[in-house]
Amino acid sequence: MRLLTTAITLFGVAVIVFFVIRVVPGNPIAMMLPPGATEADVARLTALYGLDKSIPAQFLIWLGGVLQGDFGTSITARQPVLALVLGRLPATLELSVMALLMAIVLGGMAALLGTLRRGGRTEAAIDIGNGMALSVPDFLWGLVLILGLGVFWPVFHISGRITPSLDLPFVTNFYLFESLVRLRFDLLVDIVGHMILPALALAIPLAAIIGQLLKQSLKETMHLDYVTLSRTKGYSETHVILREALPNAILPTLTLVGVQFTFLIGGTVIIERLFSYEGLGNMAIDAVINRDLPLIQGIVILFAVIFTGVNLLVDLTYAALNPRLRHG
Amino acid sequence: MADVMDGRGAVRRKGGLRLWLSACWLAVVVVVALLAPWVAPHDPLAQDLFLGRMPPVWMQGAEPGYYLGTDSLGRDVLSRMIHGARIALAVALFAGVITALLGASLGLLAGFMRGWVDLVISRLIDIWMAFPPVLFSILLIAVLGPGLSSIIIAIVVIDWTRFARVVRAEAMAQGAMDYVQSARVAGRGRLGIMLVEVLPNVLPTVIVLLTLEMGIAVIVEAILSFVNLSISTDDPTWGGMISEGRASIHQAWWVLVFPLATLFLTVLAFSQLGEGLKDRFDPVLR
């Protein structure tokens with residue numbers, strides 16, 4: 001049932017994006033030919049990309065190709081869409097996962113500290129910080145970080161994924177992962193130095209959400225009898241929070257993190273643009289500007305697959321972790 | 001227990017302050033936007049290539065009369081920010097209200113009518129949630145062409161789900177309550193119950209969401225200006241100024257800092273206003 005609705009959602013996305021982008025004004029074929037090309041040239045190339053057929057017919061041809069793993073050919077790059085998109089995917093995945101980890105660490109620390117010092121000034125300060133972090137979206141945090149840690153106090157890189165002059169021994173596009181595996185710490189430092197600001201920009205709002213929710217459920221758990229009991233046994237407050245309260249308080253936060261992770265991935269589009277980071281989102285914006293219809297379709301579908309995939313995974317994990325939802 | 005009660009009291013007191021501060025800042029922005037032609041010291045479009053990238057007035061080498069400096073084309077940063085407030089607020093108001101109307105209506109229909117109406121609207125929401133919103137908005141602007149109305153349409157088309165999701169859940173909860181059942185027993189029509197009984201009860205939620213949506217609309221306008229798809233590169237928008245400031249960040253930081261700070265405070269104010277209102281409306285906290 002869950003798989004069926006996922007399939008319907010993906011099909012819906014495909015239909016909408018396909019028809020929307022075909023209404024885009026501007027002829028991509030005319031844009032790729034040099035000035036002085038004849039009408040016949042334009043017609044020939046239009047036919048080559050199948051753009052002379054009716055829109056429903058184009059959709060069926062495209063859908064048939066997709067089911068065989070063929071997403072068409074990019075008009076600007078003149079390469080298969082699938083290869084282009086998969087080439088950029090690792091950059092976006094590494095950025096998203098790094099941002100997610102940062103959000104969990106920052107949010108978790110805020111929640112634990114707030115619980116440990118509850119009722120005091122520290123907790124009030126954490127609440128105000130959380131409120132601000134939550135109110136302002138990743139795009140603005142990115143700009144603030146560029147100004148603060150890129151320009152006024154330049155400690156990190158503010159554009160690109162890696163310093164272009166470096167010699168890269170990589171065979172995959174998972175730069176961060178591969179530099180770790182190959183123990184090339186010189187490259188690792190450079191890559192992290194490029195990634196840290198965009199990842200932090202993406203992480204700040206999510207960290208605030210995690211911090212708020214986890215603190216809330218920790219507080220509720222701290223009032224339960226078994227926690228009071230372990231306190232009377234003489235365990236330290238830190239031990240009580242980490243060992244007794246946390247395991248029971250973490251489930252609602254975990255579910256929320258899953259859903260919010262898709263929002264974070266959606267945020268990479270503009271954050272990659274802001275930091276000139278060569279990922280999927282940056283490629284998507286270029287594709288829209290260049291009217292590269294097959295490439296736009298491919299990227300949007302891939303994003304939709306990632307979103308629905310993450311949601312499916314969250315549901316399954318939740319069912320596995322929550323005994324009340326386990327079937328028979 | 002005492003701990004929890006104290007926490008709530010603190011939230012309420014803080015809520016009052018932040019509500020007040022946010023409302024004040026937004027009032028300033030509204031007044032400045034309305035009076036823009038009279039309060040702006042210069043024409044926001046006037047270029048003067050001899051005055052390019054002048055620093056703010058308190059720094060060395062500043063040009064008197066250009067309080068926050070000039071951009072690379074010699075246009076006054078302060079005047080452009082003041083005129084930019086008009087565009088930002090217009091987008092916030094129109095996009096916010098239309099999105100709220102559309103999203104809340106669909107959510108109300110789905111949550112109260114249930115059945116196939118709910119099925120169709122819920123499936124649409126699912127599909128919408130699978131789109132990366134920024135990419136979706138850029139795509140829509142490419143279709144609609146740049147311009148103020150295109151931005152508003154794009155925001156409405158993308159963000160209606162924010163209202164529809166929440167209002168649907170709320171309407172479902174209200175529909176199961178006793179007062180709706182008794183209205184039904186009293187022989188009132190479904191449409192009448194929905195509009196007279198359920199709608200007033202979901203209205204506070206809609207108002208809170210609307211306040212948040214206005215902040216989001218300002219950001220979306222800025223993002224679209226940033227990728228050069230908003231209005232036109234000449235028109236003074238906060239996003240367009242930020243985009244220019246990002247490009248010349250190492251030569252003229254003031255072109256980025258002032259519009260960014262204004263945008264930051266405005267978005268923060270809308271959001272805090274929404275959160276403050278939420279606390280006010282929440283019967284548990286009252």
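**View 1. Lining of the second largest pocket by helix.** H11(A) provides the largest share of the lining of the second largest pocket, namely nine residues. The model shown here and in the other views is predicted. At least two lining residues each come from H5, helix H9 (185–222), helix H11 (237–274) and helix H13 (293–321) of chain A.

**View 2. Centre and composition of the second largest pocket.** The space in this pocket amounts to about 390 Å³. Its lining comprises 20 residues, and A:Ile104, A:Thr253, A:Leu254, A:Val257 and A:Gly258 lie nearest the centre. Sorted by class, the lining holds 15 nonpolar and five polar residues, with no charged residues.

**View 3. Surroundings of A:Ser74.** The loop that joins helix H4 (55–67) and helix H5 (81–116) of chain A contains A:Ser74. Because its relative accessible area is 0%, under the 20% cut-off, A:Ser74 counts as buried. At 3.4 Å, the side chain of A:Ser74 reaches the backbone nitrogen of A:Thr76. Beyond its neighbours within four places in sequence, A:Ser74 has contacts with A:Tyr49, A:Gln79, A:Val81, A:Leu84, A:Asp292 and A:Leu295.

**View 4. Chain B.** Ten helices and zero strands are found in chain B. The C-alpha atoms of this chain occupy a box of roughly 75 × 50 × 30 Å along the principal axes. Of the 286 residues in chain B, 51% are buried. Contacts between residues at least 6 apart in the sequence of chain B join residues at least 24 apart in 72% of cases. Chain B exposes about 12900 Å², of which carbon and sulfur atoms supply 68%.

Conventions
Residues numbered from 1 in each chain as written. Chains lettered and ligands numbered in written order. Predicted model: local features only at pLDDT ≥ 70, side-chain atom pairs only at ≥ 80, totals over all residues. Heavy atoms only, no water. Helix = DSSP H or I, 4+ residues; strand = E, 2+ residues; numbered from the N terminus. Buried < 20%, exposed > 50% of the residue type's maximum accessible area, 1.4 Å probe, protein only. Polar contact = N/O pair within 3.5 Å; in protein donor to acceptor, adjacent residues only side chain to side chain. Contact = heavy atoms within 4.5 Å. 1 Å grid on protein atoms, 1.4 Å probe; cavity = no way out; pocket = protein on both sides within 12 Å on 5 of 7 lines; lining within 4 Å. Points joined across faces, edges and corners; volume = space filled by probe spheres on them. Nonpolar A, V, L, I, M, F, W, Y, C, P; charged D, E, K, R; others polar. Areas by Shrake-Rupley, 256 points an atom, 1.4 Å probe, with all protein chains shown as cover.
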